[in-house]
Amino acid sequence: MKLTRILSKASAISLFVLAALATHAPAIAGKNHGGSGSDGSATALDPRFDTSFAIEYDHSCLSGGCHETDSQLVEEHAESFMTHTMVKCNACHGTHTADTLGEEKPNLTGYYPGIGPTGYLVGDDRCIACHTATFDDPKHPNKTWDCVGCHTPHRFATEQLGRN
Amino acid sequence: MSSKQFKTKALFTPGEVKSLSTNPNLCNQGRRTFLKWGAALSSQAIVGGGVLNLLTGEQALADDHFDNVINWNYSVCGFCSFGCGLEIGIDHDGRAVAVRGNGKHPTNAGRMCVKGLYEHKILNNQDLRVGERGVYPMIRDQNGEWEKITWDQATTILSQKIIDAVDSPLGADSVATYNTGQWTLEEYYAFGKLGKGAIGTATMDSNTRLCMAAAVVGYLTTFGSDGPPGCYDDIENTDCLFLFGMNPAEMHPQLWRRIALARRSRRAPKLIVVDPRRTQTARSADLHLQLNPGTNLALINGIVQQIIANQWTDADYIERHTRNYAEMAATVAQYTPDTVAAITGVPADKIITAAQWIGTSQETLSLFLQGVYQSMGATNTVRMLCAMHLIMGKIGRPGSAPFSITGQATAMSNREAGGSSALAGYRNCYNPTHVSELENFWNIENGKIPPRKPTPITSNSDLQPEINSHVEMLRNGELNVFWIQCTNPAVTLPDLNKLYAYLDFDNPNRPYVVVQDIYDPVESIHFADMFLPAAMWGEKTGVYTCSERKVNIGRQAVNPAGFELRDNGYGAYSDLDITRMMADKLAAMDSRFADRNGNSLITFETPEQAFEEWKACTAGTICDMSGMSYAALEANNGIQWPSTVEDVYGGRRLYGDGRFNTNWEDTQGGTPDKPWIDPDGLSRAYLWAVDYEQAPEMPDSEYPFWLITGRVIEHFHSRTKTKRIAQLHQMVPENYVEISTSDASAMGILSGDMVHMATRRGEIMVKAKVTDTVKPGQVFTTMHFGDLDPDDIAQNEGRLVNANRLTMNWVDPDCKQPIYKHCAVKLARAN
Ligand code: SF4
C-alpha cells in the first residue's frame, strides 16, 4: 500500500529536489490563468478564474526560485480550479519553504518534496479529506483509490479551469 | 515498533544539527551543510511504513493519512464563520489525528481550506510547533514568577477579587470582561448570565467588537435587530454578486469556492469587488472598484444615487416597507459619479456600470466584511448597503440580500446569546419589559441587569473624548479586575504601545488581570496576574452559529488537555465549566451573586442542559431556537434560526414578508426616541441619510503612505492557533509589507529587504514584498503577528513586527469599532 509507493517514488523525488534546490531562477510575476491544456493546445483564457494571486502568494513554492523551473507543474497549477479557490501547495504537501518573500529557503523540518511534512507521500487521504462525497458518490466511475490515476496532479480537475 | 529502533549514524555533526534546528533555512546554512542535506535526501531511509528522519534518527509520525483513525467524530470548523462541517479522526489512544470534511454538509460539501485541514494539530502538545497547552491554573508570586494553584484556589482568589471590586467605590463596573467569537453558544449564554445576572457589570465586551460591530449596529438601526437576512444558497440564486470590502478567497475560502462554482454555472452571476488591493477575489472580478482607503461611504452613496437616478427602484416596496426615503434620496443626490470618482479614485464609468449591474440584475447579493467594518464610515456604509437593497426591494427572497459575513466561528452566537455587549435573545437593555423578562427567567432580583449599553473595549479620549471604553478605564485606573477570555488583546487591539503602558506591572493603577486561554505562552499572558487553562474546539461539545444564522453542533472528540490532572485539582476545563465554577464559588461566598433562592445562577451541568435552557430563553424572540435539539442539529447538519417547534426549518431567510423588527416592543436596541423605531408600529425599515466624512488621519508630507492592514489565508487572527501548525506557519512565518513596484523602485527596495515603518503611534521593521497587489501610495501589512512571545522574538531577531503598534485607536462613533484598515505611515529601507 502506501509503503510501496514511498519506496517506488522516493529516489526519484530525491533527485528531483536536488535539481530543484540547485537551481536559482528569477521569480515569476504570476500567471493570469491557464495557458495550455494537457494536450498542449491553447485553452480559452477566462479572466473570471484568475490564479495569478495564488501563485504569486505561494511564496517560495512557485514564485521563489524553486519549483517555477518545473514548467509543467506551474502550468498545471495555474490551470487548476483548486488553485483559483486558493488550494495552495501547503494544503497537501505542508510546506518546506519557509519564506514569505520569494527567496529560496527550504527548511529541514522533515519534509521531502512529494512527501508530506511528516515524511509521508501525499496519498489519496489528502484528497479524500475534502472529497469525501466523491468517494461516496455511486456515479463516480473509479473506486481504486488512486486519485492521480485519472486526475492530473496539480491540475486535478478533469475539466479545465474556465471551460464551462 | 518504537522509533528508537531506527537510530542511525548521524549525517550531521551535533553542532550542525543544533544550527539547523535553530535556523532551519537551508539557504542560511553553509555550503557543506547544504550538500549534506542533499545527500540526506538522496539517501533517506524508508522503514516500517514511514520515512526515517536522518537528522534525528527518528521515524516520522504518520499523521497525514487516515490509517490510524478508528472513529470519526461529528463537528464543525472552529476557525472562520463560514461553518464548514467536518469530522475529527480519533486513533486508538483517543487522540485527534486527522480532520476530513463532512461530505454531506451543505455548507462545504466536504471541502475545507488549509486551516481546517490541519485543525487537529492545534490540540496535542506533540503536534504543536511551539508552546504547549496550558493545564495549570497559575498566579504570579511576589517575584512575578508563575506559581501553580488548584482550580479551587483560583476560583476563590478570583471570586474575592470580584467581590472586593463590587464593594469598592467603583462598583460592579470596575469588573471588566473581554471575551471572544470562538466559544460555544452555551458558553456565551452562561457567561452573560454570570456577568450581567450575578456580577451586574456593564463593562463587558468581546473581540467581536473589532470584527463586526458595524454590521450589528447597521442592521439593528435599519431593521430593528441584528441578524443577516440572507443565506448561503443565495450565492447560487443570484445574478450579481457585490463583494464590498471582503476577500473570501483568503478569509472564507469555502464561501469563495461556492462563488467560483456559481460563476461556472449557467447563471454565471456578475462579480463586482470593492477593495483597495488586487486580491485573488478582485483579480477574478468582472469589475474591480479599487477605491481609496476610507472612502466606502462615498462609493455606496454614489451607487445608490445612480440606482435612484435611473429608477432601478421598487417604489411600492419603498412606500410600504421603509421610512425616510425622501431624506435619504436627497442626501445621495449630491453623490454624482464625478463627485464620487474624485473622492474614491474609482473612475466614474465604473461606478455607473456597478450601479447598473446591481440595479438591473434580477437578483443582487451584497456580501460585506472587514473592509467595511474596520474602515471610516463603517456603520453608515452598512446602513447604506441595507438601504440599497431596500429601495430595490431586493431582500428576503432567493438571491437577494445585504448579507454581512462574520469573522469568527461563533461570533454570531455571542451576538445572540449575550456573552458580552448584547443581552440574551436579542433583548433590548433599554426596554424594561425585556430586561425584567430576562431577570425573571434567570430568577434574579429585578434591577440586577444593568439597564444600559455595555462599555466597548477600546477608544482613546485624546481623539474622541466623548467615548468611554475598557481601555480608557484602564488608563484612568477605573478597573479593579480585567478578565480576558479566549482572545489576545496584546496582539489585536489598536495602538498597542499605549495599551502595554496601561497594563505594565509598574503602573500602580493597573487592575488584577486574568487571562483564560488554551496555550502558554500567549502574548496577553505577559500582562496577566492569573492564568486559567481552558479547553478548546474538539475538547468540548457545544453549538456554533455561522454567518447564515445556521446553528450546528460540534461534538467533543477528545478529553481536554491535562484531563489526567483533574483529580489533583488541575487540568484544562471548558469555558462553560470555568464559568460554572466561578458562578458556584461566587454564590457560595456571597449571596449577592446568587439567585433569589440563594443558588448559583448556573444550574446546568452539561452543554446540552445549557442549550435546553437557552432554547427556552429564546422562545418567542427574534433568534428563536426553541425548535432545535442537539440530535436535530446533527441530523440536519445544522438548522437556521428562527426555528420554532411549529416551524423548525423556517429560518432560511429573514424579512420575506417585508416586516422588520422596528416596533418598540420588538427592537433589539435603543430608547423609544431613536429614529429606526417605527412610531406607527408598522414594522418598517429605516433608511439612513448619511454623508461621507474624511478619515481622521490622511497621508501627508510627513507620513505619505496609506497603511492598509489585513489577513492571509494561512493565519487566523493573532495566530494563537495557526502559529502552532507547522504547515501554516512555514508558509507565512513572519510579517511583511507589500509595496507597489513603482514605490519600491523609487525607494530602492527589493523583495526581502528590511523596511522600517512608522506612524504617529509606533514603528515596526518587516521585510518587503514588492507587488502590484497594492496601488502606488499604499502599503499593506498583516494583522496576525505579535512580537512578545519567545518564538516570535527569535523568528524576528528581536524586531518589532506587530501592525497594531502602528494602527490608530479611533473608533466608529456608532458601533465603536476601530478603523484598523487605514492610517498614514512612512517607510524606508532599513540599513
Ligand atoms: S473556510 Fe472557514 S470554516 Fe471552512 S475550513 Fe476554512 S476556516 Fe474552517
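# Helix pairs, ligand shell and domains in chain B

Biologist: Quick one: do α10(B) and α13(B) run roughly parallel or roughly antiparallel to each other?

Modeller: α10(B) and α13(B) are roughly antiparallel to each other. Under 35 degrees counts as roughly parallel, over 145 as roughly antiparallel, 65 to 115 as roughly perpendicular, and the rest as oblique. Helices (H or I, at least four residues) and strands (E, at least two) are DSSP runs, numbered from the N terminus.

Biologist: And what's the model behind this?

Modeller: It's a predicted model, where local features need pLDDT of at least 70 and side-chain atom pairs count only at pLDDT 80 or more, while totals for chains, interfaces and linings use all residues. Residues are numbered from 1 along each chain as its sequence is written, chains are lettered from A and ligands numbered from 1 in the order written, and side-chain values use heavy atoms, with hydrogens and water left out.

Biologist: OK, at roughly what angle do the axes of α10 and α13 of chain B cross?

Modeller: Roughly 165 degrees, for α10 (residues 296-309) and α13 (residues 337-344), and the axes come within 9 Å. Axes are lines fitted to C-alpha atoms, for helices over the stretch in contact, with angles from 0 to 180 degrees between N-to-C directions.

Biologist: Which residues make that contact?

Modeller: B:A298, B:L299, B:G302, B:Q305 and B:Q306 of α10(B), and B:P337, B:V340, B:I343 and B:T344 of α13(B). Contact means heavy atoms within 4.5 Å. The residues split into 5 nonpolar, 4 polar and no charged; Ala, Val, Leu, Ile, Met, Phe, Trp, Tyr, Cys and Pro count as nonpolar, Asp, Glu, Lys and Arg as charged, and the others, Gly among them, as polar.

Biologist: What about α18 and α23 of chain B, where do their axes come within 11 Å?

Modeller: That pair is α18 (residues 432-442) and α23 (residues 607-618), crossing at roughly 150 degrees. B:L438, B:F441 and B:W442 in α18(B) meet B:E613, B:A616 and B:C617 in α23(B). By class, that contact has 5 nonpolar, no polar and 1 charged residues.

Biologist: Switching topic: which residues are around the ligand?

Modeller: Among them are B:C77, B:C80, B:C84, B:C113, B:K115 and B:P253, counting any residue with a heavy atom within 4 Å of the molecule. α3 (114-117) and α8 (253-264) of chain B each supply at least two residues of that shell.

Biologist: Last one: how far apart are the C-alpha centres of domain 2 and domain 4 of chain B?

Modeller: They lie 34 Å apart. Their contact takes 12 residues from domain 2 and 9 residues from domain 4 of chain B. Domain bounds come from an automatic or database domain assignment.
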